[in-house]
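Hi,

Here is the structure I promised to pass on.

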Amino acid sequence: YDAIRESALSDRPIKIVSLASGPAMELRKFVRQVETLEHKIDIFLIDQDEDALRNCLNALNKICAERGDNPRIEFHCLHFSLRQIIAPQKGAEKELVDEVLSEADLIYSMGLFDYLPQKLAKRTVSELFDLLSSGGKLLIGNLVRSADSSWLIEYATAWHLTYRDQEMMADLGAELNTGVKTISDETKRCLFLEAIKS
């Protein structure tokens, strides 16, 4: 939410990409709370679950309508898989990634990387970073193993995730030509890799 709000304060139109967007609760909060926008914001919601995209878009459009001031925010939904983003086929897929998703000011993902092995996660970070504009930010979230909840997720529900620590998160951005840092959320249960394209 903070990264979205910071991007929105730019003195020009901006592009935000939410990868594996799901219900996009952070965007709902942003649309509810943001003041009048001086410049247009294009927000791209990417998910391979069509129902999730449809429900998310409906919720965001409803919040915009409830505001009553027609905020300068345009939502775009892409029913894309991760493969289509990091290794698009020649033709329409590649054109869409190169022309529509490139030069993004903020690309973020919260939840997708919990399912990716390290090698694929590193490649994904590199490909996403290449899509950023100069000065653009990449923000990748990943759960940290927690003694009081991870066991429940794994053993009670057979829901197996890839938990990462500071070292593993830093390794995701080790091949980027920029300084990267890892930050923790307030709960200390989620780490974020932050990389800014200089």
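**Cysteines, a strand and a helix**

Searching the whole structure turns up zero disulfides, where a disulfide is a pair of cysteine sulfur atoms within 2.5 Å. Cysteine 77 is in none, and its nearest cysteine sulfur, that of cysteine 56, is 6.7 Å away. Before you read on: this is a predicted model, with local features needing pLDDT of at least 70 and side-chain atom pairs counting only at pLDDT 80 or more, while totals for chains, interfaces and linings use all residues. Residues are numbered from 1 along each chain as its sequence is written, and side-chain values use heavy atoms, leaving out hydrogens and water.

Back to the cysteines. Cysteine 77 counts as partly exposed because its relative accessibility is 31%; buried is under 20% relative accessible area, exposed is over 50%, and partly exposed lies in between (1.4 Å probe, protein chains only). Cysteine 190 counts as buried, at 13%. The closest cysteine sulfur to that of cysteine 190 is in cysteine 56, 18 Å off, so too far for a bond.

Now strand E1, residues 14–19. (Helices, H or I with at least four residues, and strands, E with at least two, are DSSP runs numbered from the N terminus.) Six of the six residues of E1 are buried, so the rest of the structure largely encloses this strand. Ile14, Ile16 and Ser18 point one way, and Lys15, Val17 and Leu19 the other.

What does E1 pair with? Strands pair if DSSP finds at least two bridges between them. E1 runs parallel to E2 (residues 41–47), joined by six bridges, with leucine 19 opposite isoleucine 46. E1 also runs parallel to E4 (residues 104–110), through three bridges, and there valine 17 stands opposite isoleucine 107.

Last, helix H6 (residues 118–130). Its 13 residues reach 19 Å from first C-alpha to last, close to the expected 18 Å (1.5 Å times one less than the number of residues). Ala121, Thr124, Val125, Leu128 and Phe129 are buried in H6. They cover an arc of only 130° around the axis, which puts them on the same side of H6; the arc is that of the directions from the helix axis to the C-beta atoms. The face turned away from that buried side carries exposed Lys119 and Asp130. Covering the buried residues, by contacts (heavy atoms within 4.5 Å), are elements including E1 and E4.

Cheers
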